[in-house]
Amino acid sequence: MASSIKIRAKLRDDVVEVKALISHPMETGLRKDKKTGKLIPAHFIQEVVAKANGKTVMTALWSGGVSKNPYIAFKFKGANKGDEVELSWKDNKGETGSTTAKIK
Amino acid sequence: MTDTTRRTLLKGSIALGTLSAAGLLSPRLLLADWPGAAFSAKEVEKALQDLVGTAQPTASDKIKIKAPDIAENGAVVPITVESDLEDIESISILASGNATPLVASFQLGEGAIGFVSTRIKMGKTADVVAVVKTADGVYSTSKNVKVTIGGCGG
């Protein structure tokens, strides 16, 4: 599932900005299938964890209210060029994905 | 001899107690720290009470919400929240007009600074509320976003 995330981490003036796009349907569970009229079961990412040098820099807790194929960006201090940022997610069905990126 | 048996028994019952408590408290498949009650709350106040412990955050001009004035497509509304408050623990985003207003909560860890950006769904024109929890209080600001086509229906 490494391909589920596109990530970029850039260092500027000692602040690292991480931008990521995750491929995920983000179904709220409130939407109806247009053909069958039945509710589409909820399927959304609940938790995204970002780590740098083994330390958790950000944990995002989400509902189905985050848009499909979610975008997330955040900033942190205390890492250098070449360090690795790891991003991983878990959804309400227990599916997971993760990737790492080197800070540029 | 009797004493060791008693110790073992005690340890056993404590372990059992912890296990069953954990089983009762964390719903199946859900993550232990995912605030289910706050996410399923139907009002902003209820969600905030569950999430940050207060329904009435202090208004602050040290929080900036960057969002469009008019969102043509409610399914994808870009929201950026920036804050220069000190010792930020979390930044949460709520869409007050949604069936369940709490959309996302970002827990900032070591070294993280007050900036998060994401894209959210909005069912209708409403205030987007950004709530920042710091070491000494809970602060918020809001911005009205007009939605032309709602993003929560089928």
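Begin by selecting the side of chain B that touches chain A: 32 residues of chain B are in contact with 32 residues of chain A, where contact means that the C-beta atoms, placed from the backbone, lie within 7 Å. The elements that give two or more residues to this side of chain B are β6 (102-108) and β7 (112-120) of chain B, and β7(B) gives the most, with 8 residues. Strands here are DSSP runs of E of at least two residues, numbered from the N terminus. If you colour this side of chain B by residue class, it divides into 20 nonpolar, 9 polar and 3 charged residues, with Asp, Glu, Lys and Arg counted as charged, Ala, Val, Leu, Ile, Met, Phe, Trp, Tyr, Cys and Pro as nonpolar, and the others, Gly among them, as polar.

This is a predicted model, in which local features need pLDDT of at least 70 and side-chain atom pairs count only at pLDDT 80 or more, while totals for chains, interfaces and linings use all residues. Residues are numbered from 1 along each chain as its sequence is written, and chains are lettered from A and ligands numbered from 1 in the order in which they are written.

Next, select β4 (residues 55-62) of chain A together with β6(B): the two strands run antiparallel and are joined by 5 bridges, strands being taken as paired if DSSP finds at least two bridges between them. Along this pairing, A:Met58 has B:Leu108 as its bridge partner, and A:Thr59 stands opposite B:Gln107.

Key
Two residues are in contact if their C-beta atoms, placed from the backbone, lie within 7 Å. Helices (H or I, at least four residues) and strands (E, at least two) are DSSP runs, numbered from the N terminus.
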